[in-house]
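Here are some notes for a colleague who has not looked at this model before. Please read them with the structure open.

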Amino acid sequence: MKRTASAHWSGDLKAGKGDITTQSTTLNKTQYSFNTRFADGVGTNPEELIGAAHAGCFTMALSAALMQAGFTAGNLDTKATVEFDTNALKITGITLDLTAAQIANLSAEQFKTIANAAKENCPISKALASVPITLNVSY
């Protein structure tokens, strides 16, 4: 399986602008620029997209892990915060904040064990292995 996304850019770094399109067209010429990355502009940015991908991947991986353990997930809500060092120009950490509905016959300790395994085994976590990833669980 392969998925594609494309980016277009025109102009210099600060005054230029671009757009991002995904194969599914969920993002279709979605604006990004210096301001959307380093200030408060309208549009998206690479770090936000990494956060969205990570939150989605982890949450699906957790649902699968729960199913494999014999449980059915209720509501799972994950917020991914991507920390970007603007001086070093690198991602320095990602925090996944998970809020989950209680599941019958599953203790908080068991849930956290399954959630941590899902964090480690999510394909996006694996791709981002060089970045410290923290998981906070509210269960």
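1. Strands here are DSSP runs of E with at least two residues, numbered from the N terminus. On that basis S33 belongs to strand 3, which covers residues 30–33. Please keep in mind throughout that the model is predicted.

2. Is S33 buried or exposed? The cut-off for buried is under 20% relative accessible area. S33 has 14% relative accessibility and therefore counts as buried. Leaving aside residues up to four places away in sequence, S33 touches W9, G16, K17 and T44.

3. Helix 3 takes in residues 108–121. With 14 residues at 1.5 Å a residue, helix 3 should span 20 Å, and the 20 Å between its end C-alpha atoms agrees with this.

4. Which residues of helix 3 are buried? They are F111, I114, A115, A118 and K119. These residues lie on the same side of helix 3, because the arc they cover around the axis is only 145°. E109 and T113 are exposed, and they sit on the face of helix 3 turned away from the buried side.

5. The packing partners of the buried residues in helix 3 are helix 2 (46–68), strand 4 (76–85), strand 5 (90–100), helix 4 (123–127) and strand 6 (133–138).

6. A last point concerns the largest pocket, whose volume is about 380 Å³. Its lining consists of M1, R3, T4, A5, T22, Q23, S24, L27, L49 and A53. Sorted by class, the lining of the largest pocket has 5 nonpolar, 4 polar and 1 charged residues.

Methods
Residues numbered from 1 in each chain as written. Predicted model: local features only at pLDDT ≥ 70, side-chain atom pairs only at ≥ 80, totals over all residues. Heavy atoms only, no water. Helix = DSSP H or I, 4+ residues; strand = E, 2+ residues; numbered from the N terminus. Expected span 1.5 Å × (residues − 1). Buried < 20%, exposed > 50% of the residue type's maximum accessible area, 1.4 Å probe, protein only. Arc of directions from axis to C-beta. Contact = heavy atoms within 4.5 Å. 1 Å grid on protein atoms, 1.4 Å probe; cavity = no way out; pocket = protein on both sides within 12 Å on 5 of 7 lines; lining within 4 Å. Points joined across faces, edges and corners; volume = space filled by probe spheres on them. Nonpolar A, V, L, I, M, F, W, Y, C, P; charged D, E, K, R; others polar.
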